[in-house]
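Thanks for coming. I will go through the side-chain contacts in this one, then finish with a helix. Please have the structure open while I talk.

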Amino acid sequence: MPAGPRPSVLFVTDLAYEARGRRYCDEDIRLTARLREDFDLALCHPRDAAALLDGFDAVVVRNSGPVLHYQEAYDAFRARAGELGTKVYNPLTGRGDMAGKQYLVDLSRAGYPVIPTVDRAADLRLLPAADSYVIKPKLGADSVGLRFVTTPDPAPDEDGTLLIQPRIDFRYEVSFYFVDQDFQYALHAPHPDRRWVLEPYGASAADLEFARSFIAWNTLDHGIQRVDACRTADGGLLLVELEDLNPYLSLDRVAEPVQAAFAARMKASLRDLLG
């Protein structure tokens with residue numbers, strides 16, 4: 001009996017995007033080579049996705065760069081996917097960076113282990129005292145618009161549009177990578193001033209409990225998520241970012257068996273999404 005047709009996947013990526021310290025294009029070239037073993041695959045730029053997606057069984061959004069660089073096209077993609085009922089990976093229901101950075105304010109208010117975050121001048125009293133503060137756009141990405149100040153004093157027209165955080169003295173940053181709810185690997189940056197010089201990290205049970213609490217909060221049933229945290233001077237972890245739209249995976253920083261296992265788990269997740 002002949003095999004049925006293979007599922008078709010539109011893989012959204014910007015192979016020309018230049019990121020500091022990372023080669024986005026290399027990661028997606030290698031990952032698509034593995035996905036082609038199980039799926040009929042085509043690549044497109046994020047600006048072209050809305051016009052092309054109805055010809056495929058699913059759409060995978062990967063290293064497509066910060067949405068703010070093509071916001072109108074991204075909004076059109078989301079609208080078109082909704083109209084067609086397209087299966088999108090990650091699903092467009094994410095509550096993390098996919099929806100902007102309001103979640104950092106919400107999680108901070110709810111008492112989660114997050115860098116203390118407010119978005120209004122009236123709430124500055126809720127932040128701990130610090131020598132300096134970080135201010136960044138709520139809809140920003142890739143450090144666009146980020147600045148450091150000694151006294152946070154947003155202008156009236158900026159109220160509600162910025163995130164304000166104390167500048168944390170941390171030992172290192174660590175990232176935990178998940179497919180669906182399954183932990184895959186962890187990487188850390190031993191040197192705080194070299195964020196993307198990453199090394200494999202042996203996550204403890206307490207580390208994974210921390211990371212899984214945010215995966216559970218996000219309630220995505222399929223997809224790739226990266227939980228970024230910082231290890232504070234007192235040894236605790238605080239959430240920096242929950243990336244659930246197009247997290248860079250730093251697959252070149254893990255061993256070949258880990259890369260293969262990640263690709264296999266992603267394939268299984270995609271097949272499950274497709275039913």
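This is a predicted model: local features need pLDDT of at least 70, side-chain atom pairs count only at pLDDT 80 or more; totals for chains, interfaces and linings use all residues.

Start with Glu27 and Arg62: their side chains meet in a salt bridge, 3.7 Å from N to O. Glu27 belongs to helix α1, residues 24-35, and Arg62 to the loop between β3 (58-61) and α3 (71-84), so the pair ties together parts that are 35 residues apart in sequence. Are these two partners buried or exposed? Glu27 has a relative accessible area of 5%, which makes it buried. Arg62 is buried as well, at 1% relative accessibility.

Next, Arg231 and Asp207. Their closest N and O atoms are 3.0 Å apart, in a salt bridge. This pair also links distant parts of the chain, since Arg231 sits in strand β11 (residues 224-232) and Asp207 in helix α5, 24 residues apart. Both ends are again on the buried side of the cut-off, which is under 20% relative accessible area. Arg231 comes out at 10%, and Asp207 at 4%.

There is also a network. Salt bridges with shared partners join Asp97, Lys101, Glu173, Arg195, Arg226, Asp228 and Glu241. Keep Arg195 in mind, as I will return to that residue.

For contrast, look at Asp26 and Arg23. They form a salt bridge with 3.0 Å between N and O, but here Arg23 counts as exposed, at 51% relative accessibility. Over the whole structure, the search gives 21 salt bridges, and I have picked out a few of them.

Now the rings. How many aromatic pairs are there? The count is twelve. One of them is Tyr17 with Tyr24, a tilted pair with 5.2 Å from centre to centre and 40° between the planes. Tyr17 and Tyr24 are both buried. Another pair is Tyr177 with Tyr185, and this one is stacked: the centres are 4.4 Å apart and the planes 20°. The label follows from the angle, because planes under 30 degrees apart count as stacked. Tyr177 is buried at 0% relative accessible area, and Tyr185 is buried at 5%.

Tyr17 and Tyr24 also belong to a cluster. Together with Trp196 and Tyr248, they form one aromatic cluster. This is where Arg195 comes back: it lies over the face of Trp196, 4.4 Å from the ring centre. A second case of a charge over a ring is Arg167, with its charged end 3.8 Å from the centre of the Phe148 ring.

Last, the helix. Which residues of α4 are buried? In this helix, residues 102-109, the buried ones are Tyr103, Leu104, Val105 and Leu107. Among the elements that cover them are β7 (162-166), α5 (205-218) and β12 (237-243). Just after α4, Gly111 adopts a positive phi, about 85°.

That is what I have.

Terms used. Residues are numbered from 1 along each chain as its sequence is written. Side-chain values use heavy atoms; hydrogens and water are left out. Buried means under 20% relative accessible area, exposed over 50%, partly exposed in between (1.4 Å probe, protein chains only). Helices (H or I, at least four residues) and strands (E, at least two) are DSSP runs, numbered from the N terminus. Contact means heavy atoms within 4.5 Å. Rings of Phe, Tyr and Trp (its six-membered ring) pair if their centres lie within 6.5 Å; planes under 30 degrees apart count as stacked, over 60 as edge-to-face and the rest as tilted. A charge sits over a ring if NZ of Lys or CZ of Arg is within 6 Å of the ring centre and within 35 degrees of the ring normal. A salt bridge is a side-chain nitrogen of Lys or Arg within 4 Å of a carboxyl oxygen of Asp or Glu.
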